[in-house]
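Me: I'm new to this structure and would like a close look at a single part of it. Could you pick up one spot, tell me what sits around it, and then go on to the charged pairs elsewhere in the chain?

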Amino acid sequence: MSGATHSVTLDGLAGRSIEVEADISGGLPRTVIVGLADVMVSEARDRCRSAITNSGRTWPDQRVTINLAPSTLPKSGSHYDLAIAMAVLAAQDVVPSSSLRGAVFLGELALDGRLRAIRGVLPATLAAAEAGFDRVFVPEVNVAEAELVGSISVVGVRSLRQTVALLTGTEEPDDPPVPPLDDVNGASWTAADRLADLDLLDVAGQEDARLAVVMAAAGGHHLLMTGPPGVGKTMLAQRLPALLPDLSHEQSLEVSAVHSVAGVLPSDAPLLRRPPFLDPHHTASAVSIVGGGSRVIKPGALSLAHRGVLFMDEAPEFASNVIEALRQPLESGRIVVSRAAQTAAYPARFQLVLAANPCPCGLDGAAGEQCRCSPLMRRRYVDRLSGPIRDRIDIHRVLTAPARPELAAALGTGRGTAELREAVDVARQRQAVRLADSPWTVNADVPGADLRRRWPVLPAGRDLIDGQLRGHALNPRSADRVLRLAWTAADLNGHHVPTVEDVESALALRRGTALGGSVRDVVQAS
């Protein structure tokens with residue numbers, strides 16, 4: 001006797017359908033799971049046996065062989081439980097095989113037959129729809145997440161008994177609801193609540209730094225802020241997400257899928273519409289930042305910040321391997337985590353914001369304070385952010401503490417977040433029109449070769465950049481980043497092509513020097 005159902009295995013965000021076969025044959029009572037299953041999947045035989053028994057059915061008193069095909073793919077996770085149980089029940093003719101055709105089963109079984117919430121429902125449902133299945137059975141608490149995929153019918157179930165009743169056409173039991181994952185309740189990885197009411201008007205002075213934040217938001221650029229403690233670096237970084245536009249539907253699905261695999265997607269709001277904001281502590285491990293794990297490779301902060309902002313405060317205090325791990329995703333927009341038994345790739349196209357003190361004591365450049373660090377100590381501290389990492393940062397700003405009269409005069413002046421977000425939206429719309437027939441959405445994503453070929457600046461601006469290259473003030477990669485910044489300045493100023501003034505503003509942003517010209521009017525009150 002045999003029966004078969006289908007489930008899904010995930011490799012990063014990529015899913016593939018898995019056929020779950022159950023064969024009941026003569027021999028001593030024993031249950032064997034084959035098909036490159038890890039320990040978590042192998043333990044499913046005990047969960048499924050208890051769940052079937054406690055649901056009023058019988059587990060075969062014979063040899064039961066469960067095969068997860070194709071056998072070349074590694075299988076991990078507890079979401080195969082429901083599919084395994086249904087395959088065994090189909091082999092016993094409890095459930096007709098015809099009712100299982102075109103269906104995918106996802107869910108972890110409790111010992112009493114209840115279906116617990118699982119991670120990765122959204123990417124698994126997407127994979128099932130792409131594979132041509134027309135139905136997916138998921139735990140009831142995961143229904144809202146699965147229904148984000150509109151091309152497949154979603155069936156939410158609370159227990160194994162209810163699933164059997166639906167497939168056999170019998171009366172459904174009145175089982176109690178199952179709570180969501182414990183680590184999802186109350187979690188807010190997007191930081192939307194604590195950042196919602198923050199306004200750039202709260203930052204007194206620092207006009208150039210505020211303009212740098214607006215430029216970063218308008219073009220999707222990376223930002224490095226250096227200055228003594230208390231000058232507003234963290235305040236500026238926390239106000240950047242409010243300037244960003246909402247995610248498109250495709251971007252929302254992509255971001256929500258990453259958070260689903262990580263197990264931090266809120267069950268009551270499974271579609272993330274706002275850009276996420278991640279601010280890991282400088283003591284965080286490389287695995288928590290990059291991603292990884294002993295059994296299942298989970299996404300780290302780099303991927304959880306996809307399409308949003310990754311803020312690393314006290315950046316030089318992070319471990320050197322964590323900082324250097326930023327190189328690949330800053331260039332490619334993805335992170336590949338390799339382990340001995342598995343390799344997973346996750347998207348990681350985020351805006352990086354780094355904040356750093358100028359020296360170990362932080363007092364270099366602080367008003368009324370005397371730095372006690374030697375030149376060698378300062379140099380070593382600065383070198384913790386390597387040259388290749390600094391070269392990948394588009395905007396560099398050095399913040400100094402404003403004087404008290406300057407603070408009093410600047411408090412509450414300038415444009416607030418609401419006004420500046422309108423300017424950012426207009427700049428983003430100009431980019432959307434210009435990049436409509438390309439795979440990119442913001443200036444920061446456009447490769448330098450395409451930027452020079454398809455969207456060149458005016459000859460005078462090009463000559464200015466070429467002069468910097470000849471004088472070795474810029475390298476080729478830095479020159480491309482200046483071009484991207486020049487286009488963002490042009491978008492904010494309403495120019496169809498970057499002018500010399502736009503290129504000069506881009507060079508100032510790159511060097512960390514004072515800003516001037518019409519782009520400065522963006523943050524000033526009209």
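Reply: Leaving aside residues up to four places away in sequence, Gly227 touches Lys233, Ala356, Asn357, Pro358 and Leu399. This is a predicted model, by the way, so read everything here as computed from it. As for where to look, Gly227 lies in the loop between strand E10 (223-226) and H9. Is Gly227 buried or exposed? Gly227 is buried, because its relative accessible area is 3%, and buried means under 20%.

Now for the charged pairs. Searching the whole structure turns up 29 salt bridges. One of them joins Arg397 and Asp208, with 3.7 Å between the closest N and O atoms. That pair ties together distant parts of the chain: Arg397 belongs to strand E18 (residues 395-398) and Asp208 to helix H8 (residues 207-219), 189 residues apart. Arg397 is buried, at a relative accessible area of 4%, and Asp208 counts as buried too, at 17%.

Another salt bridge runs between Asp246 and Arg421, whose closest N and O atoms are 3.5 Å apart. Here again distant parts of the chain are linked, 175 residues apart: Asp246 is in the loop between helix H9 (233-238) and helix H10 (249-262), while Arg421 is in helix H18 (residues 417-434).

Arg327 is partly exposed, its relative accessible area being 32%. Glu324 is partly exposed as well, with 27%.

Salt bridges can also join up into a group. In this model, a network of them links Glu331, Asp391, Arg392, Asp394, Arg477, Arg481 and Arg510.

After that, find Arg397 in strand E18 and follow the link to Asp208 in helix H8.

Key. Residues numbered from 1 in each chain as written. Predicted model: local features only at pLDDT ≥ 70, side-chain atom pairs only at ≥ 80, totals over all residues. Heavy atoms only, no water. Salt bridge = Lys/Arg side-chain N within 4 Å of Asp/Glu carboxyl O. Helix = DSSP H or I, 4+ residues; strand = E, 2+ residues; numbered from the N terminus. Buried < 20%, exposed > 50% of the residue type's maximum accessible area, 1.4 Å probe, protein only. Contact = heavy atoms within 4.5 Å.
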